[in-house]
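The sequence and model are shown first.

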Amino acid sequence: MEHSRLPFKTDPQSPLPINVQIKEQIRWLISKDFLKADDALPSTNELAEQLSVNRNTIQWIYSQLKEEGLLIMQKGRGTRIANEERIKEFKQQNPYFSFVEKTVKDAFEQGFNIENVMLSGFAYTQLFGAKHEKKKRYLFIECKTMACLFYLDEIQRRSSADIQTIDISTPDEELFQAIQKADVVVTVNEMTEVVKKKAGSSETKIISVSSPQDVTLLFDMLLQ
């Protein structure tokens with residue numbers, strides 16, 4: 001593709017920095033075969049002038065993409081797209097492009113604001129996304145009060161976590177093993193110190209509750 005036909009578009013009002021916008025557009029052009037193996041890219045000066053951005057911005061973008069193995073920068077040959085083998089590998093390692101394309105089309109068809117959808121998705125990922133990698137394990141110790149039961153019910157409702165309940169009277173070795181296996185231990189205020197002693201050297205997070213329906217505390221439990 002000729003330099004003048006590269007369809008870059010930037011939005012200074014977007015929450016995404018300009019350099020990220022341009023970098024991701026180049027990755028998309030590669031994934032959609034608008035840019036193919038060994039195609040030449042504009043020089044840093046040419047692209048900076050075309051997009052009315054600082055030359056250093058383009059230099060950063062090209063350097064980042066070179067580190068990812070997508071660009072080759074050589075004196076005398078300028079900046080070019082990597083070889084076919086590397087581009088094929090890039091597509092295999094990043095199969096989400098077609099999923100994103102379909103999601104955007106579906107959002108358009110339903111009349112959603114695309115930027116709001118993407119920003120909301122980013123916020124969701126920050127809050128909850130990383131937690132889907134594995135089932136979190138909660139251990140509720142001596143959870144018999146209404147306050148404690150509230151959090152147990154909410155975690156069951158809001159997540160697919162593995163939840164176990166146990167009494168403080170459980171033999172010490174069994175209790176210690178249960179604490180060791182848990183990601184989060186929840187107990188009532190008056191039992192906190194006892195539970196800490198039972199936990200011994202375990203580094204498992206221990207959260208104590210007193211009053212029900214504390215949203216901040218609930219989020220703290222969910223985001224550990």
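Which residues are buried in α7? Ala 147, Cys 148, Tyr 151, Leu 152, Glu 154 and Ile 155 are buried there, where buried means under 20% relative accessible area, exposed over 50% and partly exposed in between, with a 1.4 Å probe and protein chains only.

## Basis of the model

The model is predicted: local features need pLDDT of at least 70, side-chain atom pairs count only at pLDDT 80 or more, and totals for chains, interfaces and linings use all residues. Residues are numbered from 1 along each chain as its sequence is written, and side-chain values use heavy atoms, with hydrogens and water left out.

## The chain

The chain has 10 helices and six strands; these are DSSP runs numbered from the N terminus, with helices being H or I of at least four residues and strands E of at least two. Of its 224 residues, 34% count as buried. Among contacts (heavy atoms within 4.5 Å) with a separation of 6 or more, 55% are between residues 24 or more positions apart.

## Helix α7

The 13 residues of α7 reach 18 Å from first C-alpha to last, close to the 18 Å expected at 1.5 Å a residue; the expected span is 1.5 Å times one less than the number of residues. The buried residues of α7 are Ala 147, Cys 148, Tyr 151, Leu 152, Glu 154 and Ile 155. They cover an arc of only 165° around the axis, so they sit on the same side of α7; the arc is that of the directions from the helix axis to the C-beta atoms. Met 146 and Arg 157 are exposed on the face turned away from that buried side.

Leu 149 also belongs to α7, residues 146–158. Leu 149 counts as partly exposed because its relative accessibility is 31%. Apart from neighbours within four places in sequence, Leu 149 is in contact with Cys 143 and Lys 144.

## Helix α3

In α3, the buried residues are Ile 58, Ile 61, Tyr 62 and Leu 65. Viewed down the axis of α3, they fall within an arc of 95° and so line one face of the helix. Elements covering these buried residues include α1, α2 (44–51), β1 (71–74) and β2 (78–81). Asn 56 and Glu 67 are exposed on the other side of α3.

## The largest pocket

A pocket is an open set of points on a 1 Å grid over the protein atoms alone, where a 1.4 Å probe fits, with protein on both sides within 12 Å along at least five of seven lines; lining residues have an atom within 4 Å of a point. The largest pocket is lined by 26 residues, with Leu 16, Glu 24, Gln 25, Trp 28 and Met 118 nearest its centre. Elements giving two or more residues to this lining are α1 (18–31), α5 (96–109) and α6 (114–127).
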